[in-house]
Every structure is written in C-alpha cells, then in structure tokens.
Amino acid sequence: MNEQARPLPAEDSAAAVSAASERAPSRLSEAGVAAAMYLGCIVIALIVSAIIVWVTGGSPQDVFSALLDGSLRAPGRWGETIGIAIPLVVVALGTAINGRAGVVNIGQEGQVMMGAAFAAYVGVNLAGPGPLVIVCLLIVGALAGAMWAGIASWLLYWRRVPEVLTTLLLITVASQATGYALKVDWLLLAPFREDRSVRNQVSDQLSTGVRLPRIDIWGNDFPISSIAVVLMAVIVFVLFRRSVWGFRLRMLGRNPRTAQRAGVSTVTYGTTAMLISGACAGVAGAMMLSGGDFGNYRFTPGFANNIGWEGLLVALVARSHPVGIVVVAFSFAGLRAGSGFLAATGVEREISQVVLALLVLALLVPPAILFIRERRRALSATRDRT
Amino acid sequence: MADQPTAGTEVPAVRLTSISKSFGAIAACDRVDLTLRRGRIHGILGENGAGKSTLMKVLIGLVLPDGGTIEVDGERCQIKDPHDAATRGIAMVHQHFSLVEPLTVWENVMLGDTGRFDAAAARRRVGEISEHYGLGVDPDAKVGDLSAGVRQRVEIIKCLRRDPSILIFDEPTSVLTPGESEHLFDVLRQAVRDENRAVALVSHKLDEILHATDEVTIMRAGVVVQRMETSEADAPMLARAMVGREVSLRSEASALGLIETAAAAETPDADSDGQIEVAGDSSGTRVPALRLRDVAARGPDGRISLDGLSVDVFDSEIVGVAGVEGNGQAALTDLLSSLLSAESGTVEVAGTAVEPGKPGAMSRAGVAVIPEDRHASGCVLDMTVAENLFLVDIERISTRGLYDPAVMRRDAARLIADFEIQTAGPDAPFWSLSGGNQQRVVLARELSYSPKVLVAAQPTRGLDVGAIEWMTDRLREVAASGVGVLLISSELEEILQLADRVVVLFRGRIIGEMARADVNLEELGLLLGGSDAAASAAEAA
C-alpha cells in the first residue's frame, strides 16, 4: 500500500502548486494590476504635461479643458471623435489579424492611401445607383489595400524578403503613386474649373448620392459605417475566440513548425492574414473618403493623415483584443479631435504636440510592461524545467 | 545512513552544511550536507526534482540558499553569483549547451570575456586544452557543424579554460552516445587524478554513477537519503535508495542505464516473440500501417539527410530505429511530421500514398508523432493545456468552422484525468507544466485522433525514472491496441527493450534489420558504426 502511494516528483507538484496559486486568483489581480498601471501612467503623463505647459507659460487647466472640450464636451464633438475612431478600429482589427498569424504589417498607412485613392476613382467615375456605388467603392478600396499588402506577402513567401521592410517601403510608393494620380486628369485630378484661378491638386468631390449616410444623435453626427465597424469587431472577436481558423492562425503565429505539422500551411494562412490586414486598411481608407470626416469627400495628397500609423498603435496598445481596440481607438480619436481645440488655448503648437505624445505614451507603456512580464515568466518557467 | 567517508585530514574542496532552499511551499533542498574532496568524483544521484540541480545551482551561485553554510577550501563564504563562483575556482558544465552555432569553437570559448583580447593566443589555448585532455576538438571548427558529443566537449573546454579546481557536471550524458559518454568519463578521470580537481557529477543514470564516481550521495525529494563509497554500492541498492521503493528493472532499465541487453536478447519474453511471428507471417500479404520506399530528402542546409530509406511498420508492431544520432533520425521524424518533403520515394499509410511535405498531410493520414524536441514541433508553449490537446484535430470538436471553448475544456479535462497529467487545469498555460507532463499532453493528443501509426522520437529523453516507466508502458499499450509504433531512439537499451524488430539507420538509410529474437549485439554494434560487412551479413540473413 505504502509503496504504491509514491510521492509526486517534487518538480511536478511544485509546478502544479505554483501554477494553481498563480492561476486561481490571478485573473482578477492581473486585471487589477493592469488597471492600476494604466491609471498610474496616465496620471504621471498628466503631471509631466502640466509641468511642461506651466513652465512654458501656459495654463495646464486650459489645455486639459480644451482637450476634453474638443473630444467630448463641446456640442457635436463626440460625433467627431467617433468619425475619427472608425478607420482606427478597422485598421487595428486588421493589424490584430496579421499579428496573430505572426506576420508583420507596418504598411497600413500606404494601404489606407491606396484604398482611399481607388475608392475615390470608383466613387467619382462609376455611374449607377448611389448605394451600389458606395458598396462598390468600399469593395474596391478593400481590394486595393489587400493588393498593396499582397505585394509584400508575395515577396515574403516567394523570396523571403522581410515583410517589415516591404510593407514599410510600400508606404512611400503608395504616397508617390497616389500623388501622381492626383496630377493627371485621366486618373484622379479634379477637372479644371473656370471660376478658380488656382488648380488644387485634389480629386473631384464625391457627389451627395455616393456619400455614406450620417447618423445624428443630439447634434453629434457620424457616418453609419460606425455600425459596420462595431459588427466587424464582434466578428473578429468570434473569429479569435471560437473559430478554427483563428485557432490555427494563433498556432501559426506562436509556433510555425507545430502549425505545419498540424496542417496549417504557413503560406496559405500567412498570405490570407496579410491580405485581410491590407483589406482592412484599404476599406478604412474608403470609409474615410466616403464618410466625410477626412478631406471633405475629396482625395488629397497625404490623405491617410497618419491614420494607418495610429491604427497600428491602437492594435499594439489594445494588445490585439477586439474589444480593447474599440476602446483604445476611441481614446486615440478623442486625443486627435481634442487637439483641434488646443490652438485656441494660446499654448504653442510644439508644446501641445508634446502633451498629446505624452498621453499616447502613457497608454503604450503598460502593455509593454505586461508583455515583458509575461515573456519573462514564460521564459523562467521553461528554464526551471530543466 | 552511512557515515561520511573520511579521506585523510585534508580540508575538503567544498563543504555544504545544512543547505535549505524552498520554492513556495516546496522544499527543493532540505538541510542537505555535501562534501566534495580533491582528487575524487562525487556522484549526486536522484530523480528529476530530487533537488540535485538546485543544490548545484547553490554551489555555482545561481540560487541563493535560504539557510546553511558553504565552505570552499575550509573558508566560509557566500556565493552570490556565477562570477563569484568562478573567482573561487568553481565551474559548471550545464546540461543544455549555450553555444553560438555560426561561431567557431575558439570564438565560443572566448565569448563573455572582457578586456583586451588576443585572438591568436586564445586560439592556441583552446587547442592546448583540447590536446591536453585528449578532447580532439578543432578550435577552428564551426560549432554548428559539430555533433552533440563534440559540442559537449566545447562546453568542457569553456569550463576548463579558467582552470577551475572544482568542476560540476549536470547530467552531462543526456545527449551523448555511449561511446561519447565513455570518453567524457575518461577525461574526467584524468582531470581528477592528475590535477587533483574535485568533481561533482549529477546524474539519474545508475551505470554512470557506478562506473565513473568514487563516492555517491543519493537525494530524494530534497533530502539526502544515503551516501556511500561507490565501491560498496550496487545497482539495485542505488535504485531502491533513489526511487524509494523496489524498482522493476525491466521497464526502467533504460532509465537507470542498466545494460542487460545480452540477457534480454537470449531470452526474449513471450509477448514480443509472438508479435514477431505475426509480423513475419503476414508481412507478405498484409498492408503495412506505414511503408517508406526509397525515400530521399534534403535538410534545410541542402545536405542529403535521407538517402533511399525504406522501412515497413505493421499493425501492433514496435519497430525500433537504432543508430548513432545524426544519421537521419531528425529528418525521418520531420518527414513523418509533414515538416520535410521527400525528393524521391514514396510514403504510404495503410496502403494510401501520402505527400509528406504537405502541411498536416501525415497527421491527417493517421501518423501520430511524439517529436524529439516537443517545444519545436509538438506544442505551443503560449497556448493553454486544453488548446495543446486539440492542436491537430480541432475539427473534432467544431461545427461549421466554430468550436465551443467550454466543450474543449470539458474534453481536455477528461484527457487530463485519463493521462494523469499534473496541471492546475485545462486553462493553465502549457509552459507551466513540467517536462514529463508536457510529454503526457503530447501523447494524449496524438493518441486522441485514433492514429494508425505512432512515431516516437527519443520519447523518454530527459524524463525521470517514473516518467520513463509510464511512457514505455504506454508505448506497449499503444502497440497492443493495434497501432504500429516506430520508435526512433539513440538509446539502444530502450530499443532492445521495446522493439519487436530492430532496424539500423546509418547515413540516411536503413542498413540492417533483425527481429528482436535474433539480435546479435556484436553485429548490431558493427551496423551502428556503418560497417558494410555487417550490413551485407544482415541482408543475407
């Protein structure tokens, strides 16, 4: 009897005990730690910003008040914030998908440009019933973004060209190409008008029939694409949580060899993830154009206006969690909308930019710390194993 | 408990007194005493988790003890970090290599040096050490090109270069072939006898302890259970002390390194004998569960790794692939894991041809794999235990592309119970499991999709006695249930103990085959060395 009841090898029981003690109460306390970290970082950022504004002769209170006014408090402003948040969410959702598959896409800025440019061409030139044209321009925008990301993906799997480089460099190509399209009449340049002495380098405005309808709530108006965006977040959430595809995508991202053995083709899944990511950025561009919050329904040089980059940041801060992405995107959009009101406070532009950057940084630090902590814990656990 | 051996009146090189160290509620070491003397090899024997590694980490400064004293050369001291240990002349050769593959041997040895640096002198010094101890390591060789045994010797050079007076070896033979182990112990003997160093040899293999050490300390569950002169010890006695109960040497012989193969070969036990007959009778008519014909493949470096390999595995049969490591074992496992495509030749599973390089093709065809390096291709460390149990066949619990995490968790809990996996639960991250339990998860998953063939590559490597016993029993059960098992192992004892049929892998092809009952150790040894004469003799037979 006694012989049968062999004690567990100490290592096993140690792991079990430590895992148990880490796991059971962990969920809550982990969340608490994260929340405290965010709060702490934001408070520190606010204090440092206040000091900077105060030292340079401004009023910290005015600055923060202006930020709040511009993003939420003033009439109509939270509608504006939602309008900005829409493309951020879409870009970030795409980024979450390619991140999950372990492929890097940092070229969203270019993909947004391409999506918007192609959407502008369709929106201006395609004749037909408004809603149909809108659907067409959104689809074409998505295809354009996917195509742009697809180039990087193709180079990656064909010749192992690092996608970090290609996606990044394709931003420059996109901005030059769309810039050129805005110079020639047969592409995007708006026709010459007699009543204007200067010919602006912009596209024709989308006619009212092919603009996304806007929702109006208490004087806050924003495009109906917002509903589609929430739906997209839900879909991505389900994909990540419950779908076989999402499961296999994660497997690929975390251990490509295991994935290949289990039937996940690196090329197929990696390319699909990249194409979806590009399509998201492209459709974000198309939504920006047809939504009206950017460029007043015209495609302009530099149309993407850092939305691609910021979307990337949103995904990073939200740690690729679909719900987190919506929340973070709204915060980032709030800062963007609020910054419009900063000029009125008399604080110099450079200083107000520093304040904004500090607040963004405050949101970036906690996920980085959490990530490093997790990594460390996993590493030390594997090391102790031996 | 035996008295400490008295070796004259000289001051011991190291005296650890009453060392304790706890991790959480678990006492890894509980008032452990250990004395290392110059000119002697001290074996420290124990199962995984017995506390031997922790004790050594205390000595090398990687772990700070909760209590107890350390004396080095009679002087009481604290060892705060490995650097501290190095200045006191203590050096350790770790179980896992820390070498940079693209660099040469001497560059690796010099890594971590600070200050002025004389490349020519460093190179010369590495050559001298290698020659002095007969290590036969070329200082200019690229580490990436070297076998595990030679890499180990590079680690030893790294260690000896600082001329330490106290050497610690942590499971040094876990990746070595028997010949390489012999060589290692010769070097150790020399370092001890001629240069009066003190050596601590940590191991869970009995034969190593018996052959290589002068005295032995046996640990179990954090305490010293026995210490004695090795000359007074014998294998069953050590095994009993280490495991804390009678050991059935049959299933654990390989773990403990008791080479009883000659006896086993003469009197094969009944069940394996019977299986050989079944396989022999029907091999002409029955379709093999797995058939490889003239398979050739190249590794990622472009070198030929499989060169016309042919082998059959029938239902209910364990085929052991013996061979010195580096002769294509890794490529064969990769091929059967859909990680490597064949350049020529065919792979058939139960009579159906499979394209091996296609992702997932082998597992879909019913080839389960316990990979040699489970972290590389057997699991996803960052996923949960439940998810790892469903990596290959998530479709089983999904409808229209969606699965229910609750169902996954429930099914996983059942597998966890069936396979006695020690874990906090289905949601625990996979990395939180110990090696033996990770291996159980892999086996549980691979068996859960009713495979036709199970490929087990070095399935017991790095596991402790209890885990090895469990694993070998499972492999037998799997074969008994009708699955063909291909056991790829560099431990001959393991193969002879489990396999019904033994094939020998040499330079990417099978050069010999014999039924377990006909195994002739001498001939097998020649085959392992690639001897042509033996190969043709085996083919003739």
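Why does Ile157(B) count as buried? There are 24 C-beta neighbours of Ile157(B) inside 10 Å, and so the residue counts as buried; the label takes 20 or more other C-beta atoms within 10 Å of a residue's own, with exposed at 12 or fewer, partly exposed in between, and C-beta atoms placed from the backbone. The model here is predicted: local features need pLDDT of at least 70 and side-chain atom pairs count only at pLDDT 80 or more, while totals for chains, interfaces and linings use all residues. Residues are numbered from 1 along each chain as its sequence is written, with chains lettered from A and ligands numbered from 1 in the order in which they are written.

Ile157(B) sits in helix H5 (residues 148-160) of chain B; helices (H or I, at least four residues) and strands (E, at least two) are DSSP runs, numbered from the N terminus. Beyond its neighbours within four places in sequence, Ile157(B) is in contact with Val109(B), Val126(B), Ile129(B), Ser130(B), Leu135(B) and Val137(B), contact being C-beta atoms, placed from the backbone, within 7 Å. Asp334(B) is another matter: 177 residues from Ile157(B) in sequence, and 32 Å away from C-alpha to C-alpha.

On to the cores, each a set of buried Ala, Val, Leu, Ile, Met, Phe, Trp, Tyr and Cys residues joined through C-beta atoms within 7 Å. In the largest nonpolar core, of 201 residues, Val89(A), Ala116(A), Ile325(A) and Leu487(B) touch the most other members. Helix H11 (residues 266-291) of chain A gives this core its largest share, 14 residues. The core lies between domain 2 (262-366 + 452-540) and domain 3 (381-450) of chain B, because both give residues to it; the domain bounds come from an automatic or database domain assignment. A second, separate core has 64 residues, including Ile129(B) and Val137(B).

Chain B also holds an open sheet of six strands, ordered E6-E7-E8-E3-E9-E10 with mixed pairing, where two strands pair if DSSP finds at least two bridges between them. Its edge strands, E6 (90-93) and E10 (223-229), each pair on one side only. From one strand to the next, the twist averages 20 degrees. Strands E3 (residues 41-45) and E9 (residues 215-220) of chain B run parallel and are joined by four bridges; Leu45(B) has Ile218(B) as its bridge partner in E9(B).

Across chain B as a whole, there are 21 helices and 22 strands, and buried residues make up 52% of the 541 residues.

Definitions and conventions: Two residues are in contact if their C-beta atoms, placed from the backbone, lie within 7 Å. Axes are lines fitted to C-alpha atoms, for helices over the stretch in contact, and angles run from 0 to 180 degrees between N-to-C directions.
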